Amino acid sequence: MRGTVHAAIGASAPVGLVITQNVNVVQGVVMAAVSAGFSLLPDLDHPNACATKALGSPVHKAVHGACRVVVGASASGRDRSYIRWKQINKRDPYHRTLTHTLLASLVLGAAVYALSQASAVAIGATAALGVLMLWPLYRKTIGLVVLGAAGTAAGAAIYLTPWLMALAVTGGYVSHVVADGCTKGGVPAFWPVKIQGKRWWNIRLLDGMISSGSMAEKGPAVGVAVASNVLLVLMAA
């Protein structure tokens with residue numbers, strides 16, 4: 001899916017928390033901004049993704065290298081056949097692998113929670129990073145993105161607890177995994193659980209009806225947003 005669609009879905013992820021976690025409107029708005037930015041992060045494994053443009057090619061290469069190592073170390077026999085097929089057809093066999101798993105989202109959330117325990121400054125810095133990842137989508141109004149990052153950082157430092165910060169980041173990240181799981185390619189969301197002989201089995205929600213980058217992805221975005229909220233509520237419960 002396109003970055004703008006991922007950001008829109010990610011921004012909706014904290015809505016369910018307003019009820020389930022006693023989050024007020026101000027906290028919800030700050031969390032929405034953070035979730036929108038971090039919803040782009042899974043695509044760091046792609047050289048032309050918004051997250052790669054925002055954080056730089058060296059970060060992408062490090063992430064892609066990690067994906068290659070983990071896939072190579074954990075692939076089953078059926079996985080290796082699929083990897084060879086992708087290589088023969090000149091497709092990147094490591095895109096939509098490690099970064100597109102629920103385990104990766106949980107690890108990221110735990111890391112953010114631990115970091116946020118340090119101080120309000122750490123919470124603010126993480127929030128600012130999330131918003132700044134949006135700048136490739138809004139190059140013509142980058143000044144507003146920077147201003148938004150500053151405002152979000154201040155709001156997060158004042159109003160968000162480490163738990164809410166971790167939920168905002170995890171919610172945005174999970175929304176991306178769910179959204180890409182609705183595309184024809186799918187995602188290996190449940191790695192490293194082996195499904196039908198493959199650890200990198202691609203889950204395809206909605207029977208993979210959506211093609212990435214197509215006009216059709218905008219309609220189901222609302223449904224994916226709802227699914228993301230349900231997942232986040234279940235994880236927060």
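A crossing of two helices is termed left-handed if the near helix is turned anticlockwise from the far one by less than a right angle, and right-handed if clockwise. By this convention, α3 passes α10 in a right-handed crossing. The structure is a predicted model, in which local features need pLDDT of at least 70 and side-chain atom pairs count only at pLDDT 80 or more, while totals for chains, interfaces and linings use all residues. Residues are numbered from 1 along each chain as its sequence is written, and side-chain values use heavy atoms, with hydrogens and water left out.

Helices are DSSP runs (H or I, at least four residues), numbered from the N terminus. The axes of α3 (residues 25–38) and α10 come within 7 Å and cross at roughly 45°. Axes are lines fitted to C-alpha atoms, for helices over the stretch in contact, and angles run from 0 to 180 degrees between N-to-C directions. α3 is therefore oblique to α10, angles under 35 degrees counting as roughly parallel, over 145 as roughly antiparallel, 65 to 115 as roughly perpendicular and the rest as oblique.

In contact (heavy atoms within 4.5 Å), Gln-27, Met-31, Val-34, Ser-35 and Phe-38 of α3 meet residues of α10 that include Leu-164, Ala-168 and Tyr-173.

Lys-194 lies in the loop between α10 (162–180) and α11 (221–236). Lys-194 is partly exposed, at a relative accessible area of 46%; buried means under 20%, exposed over 50% and partly exposed in between (1.4 Å probe, protein chains only). Residues up to four places away in sequence aside, Lys-194 touches Ser-76 and Arg-199. The C-alpha atoms of Lys-194 and Ser-76 are separated by 8.6 Å.

Key
Helices (H or I, at least four residues) and strands (E, at least two) are DSSP runs, numbered from the N terminus.
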